[in-house]
Amino acid sequence: MLRFVHSFLLLAIFWAPNVALAQGAQIAFGDTAQDSRLPVEVTADNLNVNQEDGTAVFTGNVLIGQGEMRLSAPRVLVVYKPDQSGIEKLQATGGVTLVSGQDAAEAQQADYNIDSGMIEMQGSVLLVQGTNALTGDKMFVDTRAGTARVSGRVKTILQPEN
């Protein structure tokens with residue numbers, strides 16, 4: 001019985017840092033902080049521009065690059081600032097992949113606010129960092145700080161070091 005209690009306590013101590021992670025703690029994302037003031041490069045099969053509402057829709061193999069960060073999706077809506085001085089936000093849908101450094105995340109959709117540098121990914125979020133994986137309902141990436149927070153039924157698989 002004492003051996004069981006000892007084993008349980010060791011497990012509890014070992015997993016204690018991961019409990020905070022499951023509650024939505026901040027984790028690193030990407031190798032370095034991203035400068036959201038860098039130019040945004042978009043490549044796609046098609047582009048439709050709506051001058052009336054100040055939007056553009058890129059479809060087909062959309063790839064967006066900004067600094068070291070890459071985002072890909074089947075469809076991306078670009079919303080320009082009201083004064084047309086730049087991009088206000090990007091809304092990617094249809095299955096999104098976000099890569100920064102060695103970290104990669106997938107979700108059904110993502111909204112990127114260019115001015116704040118915040119990306120909200122939602123819908124079956126999967127974050128892969130090396131051999132570790134983390135899933136949840138939503139992930140908030142702060143590109144300026146180089147951090148992310150996963151929320152909503154978070155599950156993680158942590159590989160022990162050899």
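Predicted model: local features only at pLDDT ≥ 70, side-chain atom pairs only at ≥ 80, totals over all residues.
Local features need pLDDT of at least 70, and side-chain atom pairs count only at pLDDT 80 or more, while totals for chains, interfaces and linings use all residues. Residues are numbered from 1 along each chain as its sequence is written, and side-chain values use heavy atoms, with hydrogens and water left out.

**View 1. Overall fold: one helix and 11 strands.** Along the sequence the order is α-β-β-β-β-β-β-β-β-β-β-β. Helices (H or I, at least four residues) and strands (E, at least two) are DSSP runs, numbered from the N terminus. Of the 162 residues, 31% are buried. Buried means under 20% relative accessible area, exposed over 50%, and partly exposed in between (1.4 Å probe, protein chains only). The protein exposes about 9,800 Å², of which carbon and sulfur atoms supply 54%. These areas come from the Shrake-Rupley method with a 1.4 Å probe; for residues, only the protein chains shown count as cover. Among contacts between residues at least 6 apart in sequence, 39% join residues at least 24 apart. A contact means heavy atoms within 4.5 Å.

**View 2. The second largest cavity, with a volume of about 50 Å³.** The whole structure holds two cavities of 30 Å³ or more. A cavity is a set of points, on a 1 Å grid over the protein atoms alone, where a 1.4 Å probe fits but cannot get out; lining residues have an atom within 4 Å of a point. Grid points are joined across faces, edges and corners, and the volume is the space filled by probe spheres set on the points. The lining consists of Ile64, Gly65, Gln66, Met69, Arg70, Leu71, Leu90 and Tyr112. By class, five are nonpolar, two polar and one charged. Here Ala, Val, Leu, Ile, Met, Phe, Trp, Tyr, Cys and Pro count as nonpolar, Asp, Glu, Lys and Arg as charged, and the others, Gly among them, as polar.

**View 3. The hairpin of β3 and β4.** Strand β3 (residues 46-50) pairs with β4 in the antiparallel sense over five bridges. Two strands pair if DSSP finds at least two bridges between them. Asn46 has Thr59 of β4 as its bridge partner. Four residues lie between the strands, and Gly54 takes a positive phi near 70 degrees.

**View 4. Val125 in strand β8 (residues 118-129).** Val125 counts as buried because its relative accessibility is 2%. Its C-alpha atom is separated by 4.5 Å from that of Ala107, 18 residues apart along the chain. Leaving out residues up to four places away in sequence, Val125 touches Glu106, Ala107, Leu134, Thr135, Gly136, Asp137, Lys138 and Met139.

How values were computed: 1 Å grid on protein atoms, 1.4 Å probe; cavity = no way out; pocket = protein on both sides within 12 Å on 5 of 7 lines; lining within 4 Å.
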